[in-house]
Amino acid sequence: MTSTARSSRYDASAQQASRDVMAAAASPVAVVTALDGDRPHGTTVSAYMSLSLTPPMVLVSLDERSHLLAVIRRGGRFGLNVLGAHQAALASVFARPGPGKFDGVAWPSEELPRLPDAAAWVAAEVADWVNAGDHTVLLARVTAAEPGEGSPSPLTYHRRSFGTHTPLAH
């Protein structure tokens, strides 16, 4: 067996094992949005996080094939709509490929599409792009941030399904 054949077989098994292990970790869920002219675009992500407090920065990972990534590359800005547990259906809509995700979704006419009732909102400008396998990691400066109304439970993704966080009793 050639080293190339061993390597590709190892890569396939390592890829599946990695997916299974990552599914065991709960991740927060958000919808990243941007405008292409006056047309809104968005996609559900579970690979985002706070990166720095001084200056305030966030990290978001998007698939290289994502149309949204192309829109953000042109405009250099995006919105990060952190979802609450009550928004699992919305997360599913934005997770599917293709256009029309904003059909029937009211969003304020702002510079960046902002989803109603989100648990939190961040507007960001990309400071750097990092190629990472089949994804691009966006390192972005926060230009605006607002918590949502009340304090809804966060929407999480765990074992390939949506759920929420329940605080432990003290």
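**Notes on strands and helices**

1. Strands E1 (residues 27–28) and E9 (residues 155–158) are paired antiparallel through two bridges. Strands (E, at least two residues) and helices (H or I, at least four) are DSSP runs numbered from the N terminus, and two strands count as paired if DSSP finds at least two bridges between them. Serine 27 has tyrosine 157 of E9 as its bridge partner.

2. The model is predicted: local features require pLDDT of at least 70 and side-chain atom pairs pLDDT 80 or more, whereas totals for chains, interfaces and linings use all residues. Residues are numbered from 1 along each chain as its sequence is written, and side-chain values use heavy atoms, without hydrogens and water.

3. E9 is also joined to strand E10 (residues 161–164), antiparallel, by four bridges. Here tyrosine 157 stands opposite phenylalanine 162. The two strands form a hairpin with two residues between them, and arginine 159 in the turn has a positive phi of about 50 degrees.

4. An open sheet of seven strands has the order E3-E2-E6-E7-E8-E5-E4, with antiparallel pairing. Its edge strands, E3 (39–45) and E4 (48–53), each pair on one side only. E4 is joined to E5 (residues 56–63) by five bridges, and serine 52 has methionine 57 in E5 as its bridge partner.

5. Helix H3 (residues 88–95) packs on the sheet and touches E2 and E3, contact meaning heavy atoms within 4.5 Å. The direction of H3 makes about 110 degrees with that of E3; axes are lines fitted to C-alpha atoms, for helices over the stretch in contact, and angles between N-to-C directions run from 0 to 180 degrees.
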